[in-house]
Amino acid sequence: MNLKAQTAPAREGRVVSSHGRDAVVEDAKRHRIHCRLQGRRLSVVCGDNVRWIEADTEGAAGLITEVRPRRTELARMNSRGKAEVVAANLTQLVSVIAPLPAPDLGLCDRYLAAAEWAGLRACVVANKSDLPEARALLGDALDGYAAIGYPVVWASKRTAGGAQEIALRLKDEISVLVGQSGVGKSSLINLLVPGVEATVQEISRAAETGQHTTSVASLYLLPSGGDLVDSPGVRDFAPPLPPPREIASGFREIARAAVSCRFKDCMHLREPGCAVAAAKDAGKILARRMASYRQLVGQAEELSRRDPQFRR
Ligand SMILES: Nc1nc2c(ncn2[C@@H]2O[C@H](COP(=O)(O)OP(=O)(O)OP(=O)(O)O)[C@@H](O)[C@H]2O)c(=O)[nH]1
Ligand SMILES: [Mg+2]
Ligand SMILES: [Zn+2]
């Protein structure tokens, strides 16, 4: 570290994107500064509030010296089974689905569960509503999400449909766009934030090849208020799981029905007097949502067998 770095006063800022030991920090005046992390122990993600100092460090103009405690964390399990934070200090998750690539609604259910566990508001955006197959492929799913209380919006970058409604939902929130690769998250950023050019897959056929266009999470300021994080698309998303008994809190309609189960510790698998099973049989809880719930309970049980600490 040079002399200037040692004497410079620490300043507050927020990480708008990060890659390895490098991060772009936005200061109070909305200037963006290329920073490096001080020391090996620090790590930051998009949305982190940090302290930094001006410093000439090999191509970077600042040095991040401290990460402020996070109010919220959205995390995922990486391929090595370790929790990895995707973004910090979010208030809302926007799950983007589309008719193309082939929709994976189980993935959307897992994102919504992760939002519940992380204490984030959540909504569902069905993009590419201009495609003729959109309503047939996504209509029922969207109605299902609306019925359990998630705001839903049809959107299209082609027709700009839904843009105002989404902008209204994003106002006063720090939101993240999540979903499969190719559903059009970056396209929605470009629609909502004129002038920025989030990289979008050029050839529409490429959406089916499973290539990921956005490689790091980046935060954008919305002209109508609010901040929006564009995240790299996924083929799969596994949230870090709570103990098996707490999985139901990620599925609001299941948690609501569960108060009437005969047994207080009912897991809604096949216990007698299960109000959740009754609600499913009566068509009030979707079979797919139950399957998503069961899948996560199975995974959480597997984890707690391997690590009894996990059982709490
Ligand atoms: N017909 C139609 N195509 C769209 C719409 N939105 C995006 N696309 C196309 O879908 C493809 C993927 O869009 P992206 O915005 O790159 O998708 P993404 O979700 O950001 O993908 P990743 O960054 O890989 O996660 C591009 O070819 C877009 O032109 C839409 O509303 N309608
Ligand atoms: Mg993208
Ligand atoms: Zn039950």
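I began with the shell around ligand 1, whose residues divide into 4 nonpolar, 15 polar and 5 charged. My classes were Ala, Val, Leu, Ile, Met, Phe, Trp, Tyr, Cys and Pro as nonpolar, Asp, Glu, Lys and Arg as charged, and the others, Gly among them, as polar.

I noted that this is a predicted model, where local features need pLDDT of at least 70 and side-chain atom pairs count only at pLDDT 80 or more, while totals for chains, interfaces and linings use all residues. Residues are numbered from 1 along each chain as its sequence is written, chains are lettered from A and ligands numbered from 1 in the order in which they are written, and side-chain values use heavy atoms, without hydrogens and water.

The side chain of K185 has an N or O atom 2.8 Å from an oxygen atom of ligand 1. For N127, a side-chain N or O atom is 3.1 Å from a nitrogen atom of the ligand. S186 uses a backbone N or O atom, 3.0 Å from an oxygen atom of ligand 1. Taken alone, ligand 1 exposes 650 Å², and the protein buries 97% of that (Shrake-Rupley method, 1.4 Å probe).

Then I turned to the zinc ion (ligand 3). C261 (SG), C266 (SG), H268 (ND1) and C274 (SG) coordinate the zinc ion at 2.2 to 2.4 Å; donors are N, O and S atoms within 2.8 Å of the metal (3.2 Å for Na, K and Ca). I found the donor residues spaced C-x4-C-x1-H-x5-C in sequence.

C261 counts as buried because its relative accessibility is 9%. H268 is buried too, at 5%.

Terms used
A polar contact is a pair of N or O atoms within 3.5 Å; within protein, one must be able to donate a hydrogen and the other to accept it, and residues adjacent in sequence count only if both atoms are side-chain atoms. Buried means under 20% relative accessible area, exposed over 50%, partly exposed in between (1.4 Å probe, protein chains only).
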